[in-house]
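Subject: Handover of a structure and its description

Dear colleague,

Please find the structure below. I would be grateful if you would read the notes that follow with the structure open beside them.

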Amino acid sequence: MQARGLVKTYGDRKALRGVDLVAEAGELVAIIGPNGAGKTTLLSILAGILKPDAGELGVDGGAVGWVPQQAALYRRLSVEENLLLFARLEGHDDPQASTEEMLELAGLGARRREIVARLSGGNQQRINIAIGLLSRPSVLLLDEPSVGLDPRQRARLWEFVSALAGGGTTVIFSTHDIQEAERYGRRLLVLADGESLFDGPADELREAVRSEAPEAADRDFETAFVAYLQHRGH
Amino acid sequence: MRWLLLKDLQILRRSPLQACLLVAYPVLIAILVGFAISRGPEKPRVAFLNEVPAETRVNVGGQELAAAGVDDRICARVDCVHVEDRDEAVTEVESGDVLAALILPADLVDQINSLSTLTPGTPKVEVLVNQEDPVKAQLVDERISTLLAQANLAIARRIAIEGGRYLELIIDGGKFEVVGQTIPILGLSASARILEALGPALPAGPLRGSLAQVTEFTARARDNLDVAEPLIKRIAQPIVVEKEVVDGSAPPLEIFAIAVAATLTLAFVTVLLVAGSLALEREENAFSRLTRGLISPAGLLGEKVLLGVAVGLVVTLLMLAGMQLFVPLRWDRFGLWLLAILGGGGALAAAGAALGAAAREVRAVSLLAFMVTLPIAFLSLIPSGAVGAGVFDLVEVVTAVFPFKPALEAMTAALDPAGSGIGGPLLHLAVLIAAYGLLARFALRRFAAV
């Protein structure tokens, strides 16, 4: 996936100011930044939900899967009914087979007949992602996928997502959790006020923090990152 | 689209309480409204004392009528509480158990019978009233006044006929019975003939001149009293009502009540279901996912309208089938019923979609649907003349903008074989479908926004 010079304006406010992003096949890219940085706007543009005011966007083959921040599921339907519905809407030749495949991938085969509203947030998020995968995307976009999950659920979620990336799917996710981004993101894109401040591996970000905010370099990564943002005027 | 439709029906099936409320509540309201407008006001409770002896017969104009039947006629118009005497009647009225007491005195029939005699009396009835409840007191006044007016009219007709008979006797002569004796009456016509015959027999002079004057008077009186007879009969009912319908054709009350009940049911089911189901897509965060290539916003609106029309059609037809138990309906007009339900349901569903897209949250949508539908439905039932001309014009405009009134007109036309055509209301509904469809599509542009 390649995005060049993306610009998006809401009224007088510039949500994105010429952001670039390139993600290779099987890469896990984390988009981090404070509230209002433009993370969700960038993902929405990459997903095709929003149109950019300027810039170019391209995907080399395959579809783009979109997993919104809040689970986009019908809570009164069962796990299987949700997957079957979206497989049918995607126009799959054999929706039942696709459903079985996603149930296995999400590890929810045993709970297929359970009403979604009765599942934990973590399991709902896994179905949410599984639905995003029904379009057989080469790129999967996740908007803050771990919000509201407990540590155990997070661990299972990231295990699931990492396995997808291991299978060749490009995964781009946004998060507020710096540790999570550092741990799972192979590359980090730092946004603040719609501006791209950094794009590279976590180690390079640490170095950048150390050089730009040396007074916070020995503290935990999140504190150092906040100092880095302040040093850059955000 | 069919998979989304199936999904919505599945969700509806998973929420039996919600589904029951969605159907039962509007049906209940519809039946209550239909019942209320199809029956007259409650009969007022009136204490009734008839002191007229049972064997007495009313004799007016030589015709005898049984006085006993009067009880049934009175008690058909008021809820009679039979009392034994005047004191009991007073007690009943004072205690508030009854709103009034009607007392027919023992000499009532004699007084009525005297009206056709040469010494007429004044028949009187006694009415005791309790004006505690002004609305019911007015109702009692109206009912008793109507009863007395009807009785007075019947008696006046008899008296007029009797008066006419006396005139005929005076003009043409005949026999008159009084105090058991039959008295022959010569009559003006015969008198005139006799007087004319006597004239030539008298010698010329003042006596013959006087006889000529009497003869002329007798002839004129005969001729002019002929004219007076229909005049006297007309006095009994001087004003005759000639009713002519110049605009509108009122359907039978029970048909109108069924049309109101069916349209109310259709309106609530359709508007609530479509608005709620559209808002649910947003609450479940599914809207963005669906409209990202799986279905277009217009397609989603179409699916919701189809859902509303399908469920509204089933519920309304079931309701009409239930009504069949109480009022015979013309099933040979089933095709027109379908047209009315589909047209009305389509416009109401489009309005529901616009409401759902504008309000966006299920709770807000449900409240808004009730707040809009119920007042509009009641405004649509206001007849012309019930409010001032300016206010009625405003009501007409408001009710024309919402689909309830044209849907009611279409339903009434479909149910009433003697009613006006269904084409006009259907055209109106088609315009509203297009207008609300555009509004809903416009409102969907900001639907997914937080």
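**Two helices that cross in chain B**

In chain B, the axes of helix α11 (residues 297-323) and helix α16 (residues 423-443) come within 10 Å and cross at roughly 130°. The model is a predicted one: local features need pLDDT of at least 70, side-chain atom pairs count only at pLDDT 80 or more, and totals for chains, interfaces and linings use all residues. Residues are numbered from 1 along each chain as its sequence is written, while chains are lettered from A and ligands numbered from 1 in the order in which they are written.

Helices (H or I, at least four residues) and strands (E, at least two) are DSSP runs, numbered from the N terminus. Axes are lines fitted to C-alpha atoms, for helices over the stretch in contact, and angles run from 0 to 180 degrees between N-to-C directions. α11(B) and α16(B) are therefore oblique to each other; angles under 35 degrees count as roughly parallel, over 145 as roughly antiparallel, 65 to 115 as roughly perpendicular and the rest as oblique.

Which residues meet where α11(B) and α16(B) touch? B:Pro297, B:Ala298 and B:Leu301 of α11(B) meet B:Gly437, B:Ala440 and B:Arg441 of α16(B). Two residues are in contact if their C-beta atoms, placed from the backbone, lie within 7 Å. The residues of this contact divide into 4 nonpolar, 1 polar and 1 charged. Here Ala, Val, Leu, Ile, Met, Phe, Trp, Tyr, Cys and Pro count as nonpolar, Asp, Glu, Lys and Arg as charged, and the others, Gly among them, as polar.

**The sheet of chain B**

Chain B has an open sheet of 4 strands in the order β4-β1-β5-β6, with mixed pairing. Two strands pair if DSSP finds at least two bridges between them. β4 (79-82) and β6 (126-129) of chain B each have a single partner strand, so one side of each is left without a neighbour in the sheet. The twist averages 25° from one strand to the next.

Strand β1 (residues 45-50) of chain B runs parallel to β4(B), and 4 bridges join them. In β4(B), B:His82 is the bridge partner of B:Phe48. Helix α3 (residues 70-77) of chain B packs on this sheet, where it touches β1, β4 and β5 (100-104) of chain B. The direction of α3(B) makes about 170° with that of β1(B).

**Chain A**

Chain A holds 8 helices and 9 strands, and 45% of its 234 residues count as buried. A residue is buried if 20 or more other C-beta atoms lie within 10 Å of its own.

An open sheet of 6 strands in chain A has the order β5-β6-β7-β3-β8-β9, with mixed pairing. Its edge strands are β5 (63-67) and β9 (195-200), each of which pairs on one side only. Strand β3 (residues 28-32) of chain A runs parallel to strand β7 (residues 170-175) of chain A, and 5 bridges join them. In β7(A), A:Ile172 is the bridge partner of A:Val29.

**Where the chains meet**

14 residues of chain B are in contact with 18 residues of chain A. α1(B) gives the most to the side of chain B that touches chain A, with 5 residues. By class, that side of chain B has 5 nonpolar, 4 polar and 5 charged residues.

With kind regards

Methods. Buried ≥ 20, exposed ≤ 12 C-beta atoms within 10 Å, placed from the backbone.
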